[in-house]
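Please look through the structure below together with this briefing, which takes its topics one after another. Each group of points can be followed by finding the named residues in the display.

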Amino acid sequence: MAVEDPDEDLVRRVGRGDPAAVQALVARKLPRMLALAQRMLNDPAEAEDVAQEAMLRAWRQAPAWRPGAARFDTWLHRVGLNLCYDRLRRRREIPTEAPPERPDEGPAPDRGLMAADTGRRVQAALAALPDRQREALVLCHYQELTNIEAARLMTVSVEALESLLSRGRRALRTALADIAPGAGGG
């Protein structure tokens, strides 16, 4: 059963060395790869490295790409996730005493301050989830993949994906209960 792929022509042109196609592929896919890596790794520098490596692999793979088995976007997401997991494994192998201090990159101290704090809390709560729950939430909610696409990417059944999503959402609700609407926080 062949899978319809909206990127098929573009990937074919990249494989033939068309510079405009390479530029178009990067413009179309790099922002999503960067967002995926940022949410999985919670580190902008590592996220940039992962996104660039994923795009480099896409460029290298393009000449040999055979359409039909899977969508190119699905393959690229899998590459990005694998690169993220490689980095997460390396982090676990190198324990540090304390996280490095970083300058506050949030907005000026006005209305945006609370939103930035909430965003950091959500990102920290997301980062604290088990890897598979975080992966399911990132793919479905941030990368906007369908449950079927995300399940296929994660090589689990749709039911297993929905279970991961449910457990992940429940853990996020618990971790962020004090900032939920109606929590009386102000």
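This is a predicted model: local features need pLDDT of at least 70, side-chain atom pairs count only at pLDDT 80 or more; totals for chains, interfaces and linings use all residues.

## An aromatic cluster

W75 has a relative accessibility of 23%, and W75 therefore counts as partly exposed, since the buried class is kept for residues under 20% and the exposed class for those over 50%.

**Aromatic rings**

- W65, F72 and W75 belong together in one aromatic cluster, and the count of aromatic pairs comes to three.
- The ring centres of W65 and F72 lie 5.2 Å apart with their planes at 85°, so this pair is edge-to-face, because planes over 60 degrees apart are placed in that class.
- The ring centres of F72 and W75 are 5.4 Å apart and their planes stand at 35°, so this second pair is tilted.
- F72 and W75 are about one helical turn from each other, because they are three residues apart in helix α4.
- F72 counts as buried because its relative accessibility is 0%, and W65 also counts as buried, at 15%, while W75 is partly exposed at 23%.

**Overall make-up and confidence**

- The secondary structure of the protein consists of eight helices and zero strands, so that the order of elements from the N terminus reads α-α-α-α-α-α-α-α.
- The protein has 186 residues, and buried residues account for 34% of them.
- The mean pLDDT of the protein is 84, and 82% of the residues reach 70 or more.
- Confidence is lowest in helix α5 (residues 111-128), where the mean is 78, and highest in helix α8 (residues 158-175), where it is 94.

**Helix α3**

- Helix α3 covers residues 44-61, which makes 18 residues, and the distance from its first C-alpha to its last is 25 Å, close to the 26 Å expected at 1.5 Å a residue.
- The N-terminal end of α3 is capped by D43, which has a side-chain oxygen 3.0 Å from the backbone nitrogen of A45.

**M33 in helix α2**

- M33 is placed in helix α2 (residues 19-41), and M33 counts as buried because its relative accessibility is 2%.
- The C-alpha atoms of M33 and A47 are 8.4 Å apart in space, although the two residues are separated by 14 residues in sequence.

- D73 lies in helix α4, which spans residues 72-93, and D73 counts as buried, with a relative accessibility of 6%.
- Once neighbours within four places in sequence are left aside, the contacts of D73 are D7, K29, R32 and L145.
- R87 is also found in helix α4, and its relative accessible area of 19% makes R87 buried, because the cut-off for that class is under 20%.
- R87 and M40 are 47 residues apart in sequence, and their C-alpha atoms are 9.9 Å apart in space.

**Cysteines**

- How many disulfides does a search of the whole structure find? The search of the whole structure finds zero.
- C84 counts as buried because its relative accessibility is 0%, and C140 counts as buried at 13%.

Terms used
Residues are numbered from 1 along each chain as its sequence is written. Side-chain values use heavy atoms; hydrogens and water are left out. Helices (H or I, at least four residues) and strands (E, at least two) are DSSP runs, numbered from the N terminus. Buried means under 20% relative accessible area, exposed over 50%, partly exposed in between (1.4 Å probe, protein chains only). Contact means heavy atoms within 4.5 Å. The expected span of a helix is 1.5 Å times one less than its number of residues. A polar contact is a pair of N or O atoms within 3.5 Å; within protein, one must be able to donate a hydrogen and the other to accept it, and residues adjacent in sequence count only if both atoms are side-chain atoms. Rings of Phe, Tyr and Trp (its six-membered ring) pair if their centres lie within 6.5 Å; planes under 30 degrees apart count as stacked, over 60 as edge-to-face and the rest as tilted. A disulfide is a pair of cysteine sulfur atoms within 2.5 Å. pLDDT is the predictor's confidence in each residue, from 0 to 100.
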